[in-house]
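Okay, thanks for coming, everyone. I'd like to walk you through a structure today, so let me put it up on the screen.

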Amino acid sequence: MKYSLNWDLDSLFSGGIHSEQLKTKLATTKTAIAALDDLLDRWDAASDAPHYQQFIKLINQLQAIEAGIGQAGLFISAVGSADFNNPDVAPMEAQLRDLATQSDNVSGKLKKVLVQVPDANFTAMLEQPALKPLAFNLQEMRDEGKSLLDDKTEALISRLNLDGKAAWSSHYDSLVATVTVPFHDADGNPITLSAGQADNNLLGNADPQYRAELLPAWEQAWADKEQLFADTLNHLAGFRLTEYAAHGTTDFLRQPLKDNRLSAATLATIWQVVDDNKQFLLDYLDRKAALLGKKHAGWQDVEAPLNLPGSQLHHFTYDEAAAFIIKHYGEFSPKMAALAQHAFDHHWIEAEDRAGKAPGGWMENAPETHESRIFMTFTGSPNDVSTLAHELGHAFHSSVMADLPYLRQDYAMNVAETASTLGELIVADANVRAAKTDAEKITLLNAKMDNPLAMFLNIRARYLFESRFYQLRQKKLVTPAELNELMLNAQKEAFGHDLSTYSPHFWASKLHFYIDDLSFYNFPYVFGYLFSLGIYAKAQQTGNFEDQYIALLRDTANMSTEDLARKHLGVDLTKPDFWLAGVKLIKRDVAEFMRLTDSLVK
Ligand SMILES: [Zn+2]
């Protein structure tokens with residue numbers, strides 16, 4: 001094997017979870033936070049004028065602290081993901097969260113200090129060469145400062161959060177680690193699957209019968225612990241709603257929209273486009289069901305591979321996957337290819353298929369060393385190759401911003417999914433083009449449909465569920481039965497009542513509902529997907545798009561999303577036109593799929 005399936009974490013902090021380097025980092029960060037807090041207490045805008053040297057020092061220190069916390073945070077979560085049952089990870093996570101809280105407190109204090117700065121001084125500050133690149137971010141911090149409560153109350157909320165929202169989120173991880181699915185292997189021998197393994201098989205196993213039998217066992221595994229998951233979700237959301245109320249809002253979408261630097265008008269336009277344009281995907285699902293010998297597809301079939309007679313589903317070795325991604329990235333952007341090559345060469349990726357790993361995939365940035373780490377489980381399917389290309393897209397986004405001030409790298413979730421989705425699109429298209437037979441092409445087009453199906457149907461369901469859950473949670477604790485019903489109805493509505501089976505316990509199995517520092521981790525994906533489709537279409541018409549694309553990525557933490565699209569793409573996101581151009585690309589794939597499969601169904 002040319003490339004390692006395991007990542008190198010020692011180059012971040014040597015010695016695993018008990019690393020002395022890590023301990024030192026946490027200790028020095030703690031000292032730095034206290035020093036910054038002290039500096040902030042003594043800072044006065046009027047006496048710092050006209051060059052604001054003190055403030056520049058202050059903001060640089062804050063950025064260094066946050067980068068250090070990011071570096072340590074990546075390391076600790078990497079160790080935990082790769083060794084899911086390691087009992088020594090949780091205490092380190094708690095220690096880091098404590099530091100992050102202290103840092104957030106200082107940052108919150110800074111925001112309020114900025115509110116006190118007279119407008120004239122603030123404008124003059126932003127004109128300083130050292131602060132000019134941070135103008136948007138400082139303005140944003142000052143605006144946030146206006147809704148904050150007094151220091152003592154904010155500090156209390158932060159401390160309570162450690163045993164509140166954050167604790168419930170990490171409790172979710174502990175609960176998931178105890179979930180096992182008693183089932184059988186392909187030959188009927190009894191086996192016990194971890195949640196991650198069961199999830200991979202439920203969505204990715206090639207045998208429709210195996211998937212159909214696994215769904216009830218999967219549902220039962222979550223049903224057995226549904227009260228525990230319901231408690232976790234209720235308290236996490238309850239804490240969040242109380243926090244919102246304390247800051248003067250009952251609108252649970254306000255913060256997620258603000259976090260994404262996105263307007264409600266744009267989000268409404270996106271959902272309208274999705275709802276108006278899902279019929280062709282439901283037709284596609286019916287066709288897929290027919291190819292599987294069924295009238296309607298089940299929940300477990302939506303993302304399933306198609307094994308048509310005569311199509312040998314291409315199994316990638318890890319090295320083949322790496323070479324494939326690097327080659328096709330290179331056709332779009334040589335700089336993307338170089339970054340992917342660097343990631344494989346420098347052991348940034350943990351991809352081994354083994355027990356004891358957390359489910360899912362992610363990319364996290366190591367801000368101090370200008371690196372990234374990618375976590376996933378690689379089994380060799382085209383889908384896994386796409387996932388790898390997705391995470392490498394994230395890594396590329398981080399890499400083109402690595403030289404910017406840390407605050408300027410703080411891009412929002414919706415644009416975070418842009419580079420990743422684009423990376424994935426490039427590789428999925430290349431997969432289809434490389435097909436040698438019609439049957440293979442059908443199989444690959446099917447794999448490529450995972451994304452639009454997820455965005456338009458599955459994630460639409462998550463959004464419907466989450467909105468309705470929060471509405472209900474504002475009034476009461478929501479019972480497991482109600483959660484199941486909310487989820488079932490959301491799935492039926494999003495999938496146009498077209499499926500033969502659903503997954504009512506999806507609310508328990510999906511990590512995204514349990515993230516403590518953000519809610520509604522669903523619409524940013526849909527935004528990112530459609531946004532990158534639009535960019536992809538544009539790239540095909542424009543010469544030398546690489547530079548334009550990188551310029552857009554570098555501006556992702558420097559303006560509102562609407563301004564970003566206007567500046568770099570010349571489009572208005574509150575109008576459907578831009579989004580419909582992306583939808584057109586998906587429709588083209590579906591039309592091709594329908595044409596190729598026409599003769600295969602009666
Ligand atoms: Zn992603």
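Let's start with a residue that's tucked away: Tyr52 is buried, with a relative accessible area of 2%. By buried I mean under 20% relative accessible area, with exposed being over 50% and partly exposed in between, using a 1.4 Å probe and protein chains only.

Before going further, some ground rules. This is a predicted model, so local features need pLDDT of at least 70 and side-chain atom pairs count only at pLDDT 80 or more, while totals for chains, interfaces and linings use all residues. Residues are numbered from 1 along each chain as its sequence is written, and side-chain values use heavy atoms, with hydrogens and water left out.

Back to Tyr52. You'll find Tyr52 in the loop between H2 and H3; helices here are DSSP runs of H or I with at least four residues, strands are E runs of at least two, and both are numbered from the N terminus. Tyr52 isn't a glycine, yet its phi is positive, about 55 degrees. That loop, between helix H2 (45-48) and helix H3 (53-82), is also the place of Pro50. And the peptide bond from Ala49 to Pro50 is cis, with omega near 5 degrees.

There's another positive phi to show you: His347, also not a glycine, has a phi near 55 degrees. His347 sits in the loop between helix H16 (334-345) and E3. Is His347 buried or partly exposed? Partly exposed, with a relative accessible area of 34%.

His390 and His394 are four residues apart in helix H17 (residues 382-401), so about one helical turn separates them. Both histidines are buried: His390 has a relative accessible area of 11%, and His394 comes in at 8%.

Glu391 is in helix H17 too, and at 6% relative accessibility Glu391 counts as buried. Setting aside neighbours within four places in sequence, Glu391 is in contact with Gly361, Trp362, Met363 and Ile374, where contact means heavy atoms within 4.5 Å.

Three strands form an open sheet in the order E3-E5-E4, with mixed pairing; two strands pair if DSSP finds at least two bridges between them. At the edges are strand E3 (349-350) and strand E4 (362-366), each pairing on one side only. H17 packs on this sheet and touches E3, E4 and E5, its direction making about 20 degrees with that of E4. For that angle, axes are lines fitted to C-alpha atoms, for helices over the stretch in contact, and angles run from 0 to 180 degrees between N-to-C directions. E3 and strand E5 (residues 371-375) run parallel, paired over two bridges, and Glu350 has Phe375 as its bridge partner in E5.

Last stop, Ile349. Leaving out neighbours within four places in sequence, its contacts include Trp7, Tyr318, Phe344 and Leu392. Okay, that's my tour; over to you.
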